[in-house]
Amino acid sequence: MKLTIDVVMPSFRLEEKYVLPVLRLPRPENAVIKFYLMADNPDIVPAESIRALADNNHVFLYINEKNLGASGTRNRGISVSKGDWILFLDDDVTITDDLLFRYAAAAAEHPDEIGFIGLIHFPPPPSDFARALMVNGNVNIFSVAANKPSFTWGATANIMVKRSAVGDVRFSTDYPKAGGGEDVDFFLHVRDRNNEQNFRSLPEAAVTHPWWDDGRANYKRPYRYGIGNSRLGKYNPNYTYRNLPNTPETILLCGITALVLLFTAPGWVIPVLLFAVGSLPVELAATAVMIKKRFPGSSFGVMFHVTILKLVNDAGELWGKLTHGEFSRITERFDDTGTIKKNTFFKTNTYKIVKWALYLLLLTLLIIIWRKP
């Protein structure tokens with residue numbers, strides 16, 4: 001019996017330059033391949049070239065009656081498709097002709113795997129912001145197939161899962177519509193459903209992903225991802241742990257402390273607020289030392305962007321918790337490697353040592369200055 005693989009591609013834009021090469025991919029003889037193009041734009045008018053390929057036999061085109069977002073659209077793709085394997089692809093990746101052959105061969109050779117993580121290349125970074133995304137680890141998951149034999153989850157830009165392993169697990173709609181955290185949540189739940197079996201890496205199944213906004217600085221995406229990631233610990237509590245406050249949490253706690261001191265010891269309000277303000281250059285300095293050690297030769301522009309990326313992501317995560325009234329989850333962290341209840345509170349690294357040494361120096365200076373007659 002032949003393998004059955006359904007390619008599910010959610011799309012808002014239906015750009016021909018990306019969609020058509022996928023729909024025209026060469027198909028291996030040992031597999032029945034069907035394509036499910038899921039348009040999450042009720043107002044879209046598909047190009048004639050795309051509509052001509054949608055024969056409702058090998059290529060199916062679905063247009064959502066309303067915008068469902070990343071999770072809802074993928075869920076609909078899972079529901080309308082029937083194949084034994086589901087290959088998720090983003091609508092802006094560039095593919096090679098052997099992609100389906102790679103996945104079909106892997107599924108035939110390793111039928112007991114719950115899924116395969118493909119490799120996602122990026123072009124050389126065109127800007128300091130793009131380099132900062134690499135240095136900060138924002139795109140590490142895209143290359144995980146090249147660095148680990150297996151992992152707990154993979155980017156939905158290029159990953160194939162076994163339908164029987166997925167079962168009734170679906171992408172949660174409690175995450176941001178535009179995406180952020182829902183892919184981690186989905187694959188971890190699939191993994192948990194299959195006795196914590198990881199997804200096998202398949203680096204030979206590779207695609208190329210463009211830089212968002214052509215590499216121009218845009219902090220909306222990491223902020224949104226931070227908001228989405230704030231839900232991960234809520235729905236996957238086994239993979240959480242506590243750590244020292246990050247900078248946005250420190251600023252919030254200083255603000256709360258200053259408010260209390262306003263009524264109890266008003267003379268200390270200004271030092272506490274100055275400490276909160278001082279935490280920002282401390283963050284920049286600690287990040288710069290860490291980058292210089294790990295990525296020698298990085299420019300100041302890269303260091304600056306990495307610092308802002310960390311701040312906006314952490315701020316998004318904090319805001320996500322606060323807006324749900326989850327104050328007790330401040331300082332909670334999430335481990336996407338599948339390690340249960342990891343304790344890293346006392347674990348040190350260059351960034352943490354420098355940061356807390358500077359905090360101590362800042363605190364000492366403020367106390368000395370404020371106690372002067």
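Predicted model: local features only at pLDDT ≥ 70, side-chain atom pairs only at ≥ 80, totals over all residues.

Residues are numbered from 1 along each chain as its sequence is written, and side-chain values use heavy atoms, with hydrogens and water left out.

**Cores**

A nonpolar core is a set of buried Ala, Val, Leu, Ile, Met, Phe, Trp, Tyr and Cys residues joined through side-chain atoms within 4.5 Å. Buried means under 20% relative accessible area, exposed over 50%, and partly exposed in between (1.4 Å probe, protein chains only). The largest core has 89 residues. Within this core, Phe35 and Phe142 touch the most other members. Strand β2 (residues 31-39) gives the most to this core: seven residues. Strands (E, at least two residues) and helices (H or I, at least four) are DSSP runs, numbered from the N terminus. A second, separate core has 11 residues, including Val272 and Leu366.

What does Phe142 touch, not counting residues up to four places away in sequence? Its partners are Gly118, Leu119, Ile120, Phe122, Ala155, Ala157, His209 and Trp212. Contact here means heavy atoms within 4.5 Å.

**Surface patch**

A nonpolar patch on the surface has about 790 Å² of accessible area together. Its members are Trp268, Ile270, Leu274, Leu361, Leu363, Leu365, Ile367, Ile369 and Trp370. Patch residues have over 30% relative accessible area and no salt bridge; nonpolar side chains (Val, Leu, Ile, Met, Phe, Trp, Tyr) are joined within 5 Å, like charges within 9 Å. A salt bridge is a side-chain nitrogen of Lys or Arg within 4 Å of a carboxyl oxygen of Asp or Glu. Areas come from the Shrake-Rupley method with a 1.4 Å probe, and for residues only the protein chains shown count as cover. Helices α12 (269-294) and α14 (350-371) each supply at least two patch residues. α14 gives the most, with six.

**Single residues**

| Residue | Relative accessible area | Class |
|---|---|---|
| Leu361 | 49% | partly exposed |
| Lys321 | 1% | buried |
| Ala31 | 7% | buried |

Leu361 is in helix α14. Lys321 is in helix α13 (residues 300-323). The Lys321 side chain reaches the backbone oxygen of Glu332 at 2.9 Å. Beyond four places in sequence, Lys321 touches Ser230, Glu326, Arg329, Glu332 and Arg333.

Ala31 lies in strand β2. Leaving aside neighbours within four places in sequence, Ala31 contacts Lys2, Leu3, Ile5 and Ala104.

How values were computed:
Polar contact = N/O pair within 3.5 Å; in protein donor to acceptor, adjacent residues only side chain to side chain.
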